[in-house]
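Biologist: Could you take me through this one, starting with the sheet and then moving to the pockets?
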Amino acid sequence: AGVEVEPFTVEIPHDEVEFESGSDVIRKSEVPKLDSSYALLRDALLKHKDDIEMKLFIAGYTDTVGGVEYNLGLSERRARSIARWFKKRIKIPVYFQGFGKAVLAVVTPDQTPEPKNRRALYVLTNLPPATSAAIPRQKWKSAR
């Protein structure tokens, strides 16, 4: 008899952390949003702790203001900031990855400051999230 591992995923709903333009520093005014997400994450971990070994994945995105490489780096730094914030509070592996402006929530012309595109996904799962339109590649980095 074998064991079959099924992907198990919980997306954690949250209010988006707003960063200063070009910055990856989490402002004090944004910490209550992370605290709220942490409470939901903690509840999900407690609910499923005996079922499966969980990991948290943070995917970051930007709007179209700035170049491709700049936004890719900025989205990764912001995702890393959020991932490190959670890593200090939970005892599970936490990973992050930035996707820049490659995956827009709202399609806009270049150089359009669209807040809905400056976002992050918080995914609690047992396996890396599957490649999809929202997660076009698998290059997750560990938050330390």
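This is a predicted model: local features need pLDDT of at least 70, side-chain atom pairs count only at pLDDT 80 or more; totals for chains, interfaces and linings use all residues.

Biologist: What order do the strands of the open sheet have?
Modeller: The order is β1-β4-β2-β3-β5 with mixed pairing, where strands are DSSP runs of E of at least two residues and helices are runs of H or I of at least four, numbered from the N terminus, and two strands pair if DSSP finds at least two bridges between them.

Biologist: Which strands stand at the edges?
Modeller: β1 (9–11) and β5 (141–142) do, and each has a single partner strand, so one side of each is left without a neighbour in the sheet.

Biologist: And what packs on β1, β2 and β4?
Modeller: Helix α1 (residues 31–48) touches β1, β2 (55–60) and β4, contact meaning heavy atoms within 4.5 Å.

Biologist: Switching topic, which element gives the largest share of the lining of the largest pocket?
Modeller: That is α2, with seven residues; a pocket is an open set of points on a 1 Å grid over the protein atoms alone where a 1.4 Å probe fits, with protein on both sides within 12 Å along at least five of seven lines, and lining residues have an atom within 4 Å of a point.

Biologist: Which residues are closest to its centre?
Modeller: Of the 26 residues that line the largest pocket, Phe19, Ser21, Asp63, Arg78 and Arg118 are the closest to its centre.

How values were computed. Residues are numbered from 1 along each chain as its sequence is written. Side-chain values use heavy atoms; hydrogens and water are left out. Axes are lines fitted to C-alpha atoms, for helices over the stretch in contact, and angles run from 0 to 180 degrees between N-to-C directions.
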